[in-house]
Amino acid sequence: MKLRAAVQAAKESGILILARTDCRPTQGIDEAVARIEMFVAEGADILFLDSPADADEYCRAVAAAGAGPPSRC
């Protein structure tokens, strides 16, 4: 709900909303990807995944963000 409120408040101001998840080391990549997908659905402009373990996790996060896979994925 905080993210939704921030997105709504920033809508016409030109402010970009950054959404960060640092749950990957403690709750795993599946939870981190689920949060990234939620952040996208709520309208976050910038996404940050803390501590991806390897290139596969990085690629999963990028795909969850809907940005399309980087050329090396």
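This is a predicted model: local features need pLDDT of at least 70, side-chain atom pairs count only at pLDDT 80 or more; totals for chains, interfaces and linings use all residues.
Residues are numbered from 1 along each chain as its sequence is written, and side-chain values use heavy atoms, with hydrogens and water left out.

**The chain as a whole**
- The protein chain has four helices and two strands; these are DSSP runs numbered from the N terminus, with helices (H or I) of at least four residues and strands (E) of at least two.
- Reading from the N terminus, the order of elements is α-β-α-α-β-α.
- Along the principal axes, the C-alpha atoms fill a box of roughly 35 × 30 × 15 Å.
- Of the 73 residues, 27% are buried (under 20% relative accessible area, with exposed meaning over 50% and partly exposed in between, using a 1.4 Å probe and protein chains only).

- Most residues other than glycine have a negative phi.
- S51 has a positive phi, near 65°.
- S51 counts as partly exposed because its relative accessibility is 32%.

**How α3 meets α4**
- Two packed helices are described by the angle between their axes and the distance between the axes.
- The axes of α3 (residues 29-42) and α4 (residues 55-64) come within 8 Å and cross at roughly 25°; axes are lines fitted to C-alpha atoms, for helices over the stretch in contact, and angles run from 0 to 180 degrees between N-to-C directions.
- That makes α3 roughly parallel to α4, a label for angles under 35 degrees.
- On the α3 side the contact (heavy atoms within 4.5 Å) is made by I29, D30, V33, I36, E37 and V40, and on the α4 side by E57, R60, A61 and A64.
- These contact residues divide into six nonpolar, no polar and four charged; Ala, Val, Leu, Ile, Met, Phe, Trp, Tyr, Cys and Pro count as nonpolar, Asp, Glu, Lys and Arg as charged, and the others, Gly among them, as polar.

**A closer look at α4**
- D54 caps the N-terminal end of α4, with a side-chain oxygen 3.1 Å from the backbone nitrogen of D56.
- The buried residues of α4 are E57, C59, A61, V62 and A64.
- Their cover includes α2 (24-27), α3 and β2 (46-49).
- After α4 comes G66, with a positive phi near 80°.

Methods:
Angles under 35 degrees count as roughly parallel, over 145 as roughly antiparallel, 65 to 115 as roughly perpendicular and the rest as oblique. A polar contact is a pair of N or O atoms within 3.5 Å; within protein, one must be able to donate a hydrogen and the other to accept it, and residues adjacent in sequence count only if both atoms are side-chain atoms.
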